[in-house]
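Subject: Structure handover

Hello,

Here is the structure I promised to pass on. Please open it first, then read the notes below.

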Amino acid sequence: MNDWSLVYEGFDPGQQALREALCTLGNGCFATRGAAEESHADEIHYPGTYVAGGYNRLPSQIAGHTVTNEDLVNFPNWLLLCFRPGDGDWFNLMAVEILSYRQELDLKAGVLRRAVRFRDHQGRESMVTSRRLVHMAEPHVAAIEYAITPVNWRGRLIVQSALDASVVNAGVARYRELNSKHLQTLVVGEEGADTIYLLAQTSQSQVRVAEAARTRVYLEGRERETRRHLLRGEESIGQELAFELAPGQTATVEKIVALYSSRDWAISEPSLEARLTLTRCGRFHELLDSHVRAWQALWRRCDVTIGARDNEQMVLRLHIFHLLQSVSPNSIGRDVGVPARGLHGEAYRGHIFWDELFIFPFYTFRIPEITRSLLLYRYRRLGVARCLAQEEGYQGAMYPWQSGSNGREETQLLHLNPRSGTWGPDMSRRQRHVNAAIVYNAWQYFMLTGDKEFMALYGAEMILEVARFWSSISSYNKKTRRYEIIGVMGPDEYHERYPGSDEPGLRNNAYTNVMAVWVLERALEVLDLLPPERCRELKHKIGLRSDELKRWTDISCKMTVAFHAEGIISQFEGYDDLEELDWQAYKDKYGNIERLDRILKAEGDSPDRYKVSKQADVLMLFYLLPPKELRRIFNRLGYQFDDNTVRRNINYYMQRTSHGSTLSKVVHASVLDRIDRSRAWDMFCAALESDITDVQGGTTPEGIHLGAMAGTVDIVLRHYAGIDTTSEVIAFYPRLPPHLHTLHLRLRHRGQWYELNIEDERFTLSVDEDGAQPLTVNVQGKRLKLKPGTTHKFQLTAAKATGTARTVVRANAKAGR
């Protein structure tokens with residue numbers, strides 16, 4: 001088994017959409033799905049290209065309403081490259097006899113390869129091999145090498161290379177009733193003998209995107225003269241190249257593409273820059289060399305090596321690969337967020353959600369500059385968040401559940417249930433907990449990096465304004481003498497209102513309320529962290545009053561958390577009054593019931609009536625906050641929280657969760673690891689398989705689930721390597737599960753690189769030579785001073801069998817690596 005390659009043997013039309021999503025290539029600036037070069041968008045293929053931050057809005061008529069949606073735009077298709085014998089048909093996999101087919105995504109090199117041997121209806125056999133890249137070091141460049149070999153025939157070969165701006169957003173079936181034509185073609189043209197280009201513009205946001213393509217043919221390493229014919233359309237531009245080939249001869253077609261948008265820096269005009277860039281590009285193999293070097297540098301920072309029995313290693317690397325393609329060092333400084341579905345498709349319209357909560361740790365531990373840049377996407381939209389809060393009658397800043405170009409609320413008003421085919425109101429904008437996620441992300445970044453400049457200039461202001469929001473949405477109940485938060489939805493998403501009620505939202509969602517308290521505490525703490533002068537400046541800038549701070553303290557001591565029998569934290573007030581669902585009956589009837597909400601609504605019922613959850617809700621508290629921190633918060637609020645609280649709640653809610661979100665299995669794998677490592681491993685493997693097997697039955701072809709991918713990597717780091725960063729001193733508590741025998745990774749904490757190697761009961765920790773001062777670390781509860789440039793070995797005992805480990809007093813250290 002090759003742990004660096006995702007390989008598909010054989011052509012399967014029914015699986016192409018999934019394969020195209022998983023074989024997407026990108027570099028953080030743009031990405032293109034892994035569709036075949038000769039394909040067009042149809043019922044089998046969907047060759048989408050997406051530019052980071054490239055949004056556009058369109059109005060549509062739905063159920064008697066005009067709704068305006070903002071989408072991540074499918075930009076012009078640059079892949080188009082096809083051929084035919086002089087008197088034959090254009091190559092089409094559906095119209096030939098396929099003799100062999102192999103597709104490989106090379107994760108190490110960032111290259112998509114394909115090899116096809118086929119026979120057409122005239123008996124001509126041909127071999128086609130291709131290599132494709134989206135350049136990681138040159139963020140505006142992509143390239144295709146397309147080799148054609150006649151096996152048993154000779155004659156004229158005609159190759160067509162094109163750019164197509166007639167594309168629409170049609171990658172998600174349930175959106176197809178909506179307007180989808182986002183692009184207007186402005187210019188198509190040619191430059192010199194081998195270069196074509198086009199310039200298109202989005203209809204509302206007026207983002208201009210230019211693509212230029214240079215196509216050349218090589219035979220035995222030398223450029224081959226060809227007859228060229230220009231194909232000019234209203235929304236496309238192409239060339240046909242004709243030349244002769246003999247049996248066994250291989251013609252290599254190289255298509256080098258440059259893509260620029262008006263959102264790029266330091267440019268004059270996109271089409272000019274695209275054409276100019278092509279003049280500086282060499283051949284495919286030269287581009288490949290620098291592209292591979294860029295990936296080598298990324299893998300040195302980001303690879304995680306595990307000694308697993310099956311394909312867990314390859315899938316884990318696949319997840320890392322797509323994380324680095326969605327947001328990369330090329331993204332730093334760009335005004336972009338990280339879409340929940342990556343740059344791999346059109347699901348969720350390319351919007352930014354709370355999934356950042358799961359995604360950011362991957363970057364912060366390896367390339368924290370990326371996290372800082374992504375947090376600045378939120379900071380730049382702080383003004384809009386203030387307006388959103390004001391519009392709803394609140395103070396401070398209320399960030400939207402779905403964010404796109406400028407930070408307005410992009411959550412749709414109506415949502416299509418694909419099971420029933422009906423449109424209904426979408427209440428998910430009431431998931432105010434996204435605001436807690438943004439503060440959590442800013443705080444975790446600060447704790448892992450010690451970036452005081454970020455906190456002083458940006459982070460503190462966001463934290464304080466979100467704290468203001470939580471304070472204003474909290475109301476004091478004189479009867480209970482506690483504060484409460486009403487009219488919200490929790491992470492569960494199944495429960496939108498109480499049964500029979502016309503009022504949307506719920507009372508006192510536990511996750512929301514506890515995280516609101518946590519935010520208020522961090523807001524009070526951040527004021528003490530700031531330099532006195534900056535603290536005064538910031539208070540003056542936002543008009544922060546002393547009575548507000550007193551209220552924050554009061555709320556943080558008196559927030560409501562509902563409980564029901566046996567110390568179970570109620571997901572929300574009144575949860576215990578709901579009906580139990582006959583889970584087995586629904587499993588027998590429907591099989592897969594992960595999207596139980598759609599099933600119930602299609603039956604004319606509602607999940608609001610039942611004790612069911614789409615994904616972790618209460619358990620999110622255990623995912624984000626360690627038991628010690630939760631015990632402190634609950635005790636501060638006057639509630640009991642003992643050693644069995646976590647176990648009881650995990651067992652209770654696991655029985656009532658359908659895992660209708662890929663994030664759910666990540667959270668459950670994480671929290672289970674504390675109490676049942678066998679079940680935790682099963683859940684971890686299920687989370688690993690979420691996208692590669694498309695467990696939700698059609699969602700992954702619309703775009704990968706980036707939060708789940710990042711979450712699996714984070715489980716390996718936090719649970720198996722045992723990394724604890726809840727204090728300023730980094731701690732290591734290695735605990736390999738029984739299914740793993742080795743683990744190797746690198747991470748960065750407060751500017752210092754560490755290298756970890758765990759082999760059964762042996763733990764080796766190396767400190768890079770990044771500084772002169774000794775570093776304090778915690779290994780299994782023992783504080784040690786380590787010098788930069790040294791390697792330390794520890795013996796762990798019974799780590800896998802009992803879930804605990806201790807460090808032998810003797811710790812061997814040696815200088816160098």
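A residue counts as buried when its relative accessible area is under 20%, and as exposed when that area is over 50%. Keep that cut-off in mind for what follows. Also note that this is a predicted model.

**Asn 56 and its strand**

Start with Asn 56. This residue sits in strand E5, which covers residues 55-62. Its relative accessibility is 0%, so Asn 56 is buried. The side chain of Asn 56 comes to 2.9 Å from the backbone nitrogen of Ser 205. Ser 205 is also one of the residues that Asn 56 touches beyond four places in sequence.

Now the strand itself. E5 is mostly covered, with six of its eight residues buried. Its partner is strand E6, residues 65-72. The two run antiparallel and share eight bridges. Within this pairing, Gln 61 faces Thr 66 in E6. E5 and E6 make a hairpin, and two residues lie between them. Ala 63 is in that turn and has a positive phi of about 50°.

Next, go to Ala 710. You will find it in helix H20, residues 706-720. Ala 710 has a relative accessible area of 1%, so it is buried too. Setting aside residues up to four places away in sequence, Ala 710 touches Leu 323, Phe 358 and Ile 359. For a sense of distance, take Tyr 218. Ala 710 and Tyr 218 are 492 residues apart along the chain, and their C-alpha atoms are separated by 41 Å.

Helix H4 spans residues 312-326. This helix has 15 residues. From first C-alpha to last, H4 reaches 21 Å, close to the 21 Å expected at 1.5 Å a residue. How many of the residues of H4 are buried? The count is 15 of the 15, so H4 is largely enclosed by the rest of the structure.

**His 140**

Last, look at His 140. It belongs to a loop, between strand E10 (125-134) and strand E11 (141-150). Is His 140 buried or exposed? Its relative accessibility is 15%, so His 140 counts as buried.

Best wishes

Conventions: Residues numbered from 1 in each chain as written. Predicted model: local features only at pLDDT ≥ 70, side-chain atom pairs only at ≥ 80, totals over all residues. Heavy atoms only, no water. Helix = DSSP H or I, 4+ residues; strand = E, 2+ residues; numbered from the N terminus. Buried < 20%, exposed > 50% of the residue type's maximum accessible area, 1.4 Å probe, protein only. Polar contact = N/O pair within 3.5 Å; in protein donor to acceptor, adjacent residues only side chain to side chain. Contact = heavy atoms within 4.5 Å. Expected span 1.5 Å × (residues − 1). Pairing = 2+ DSSP bridges.
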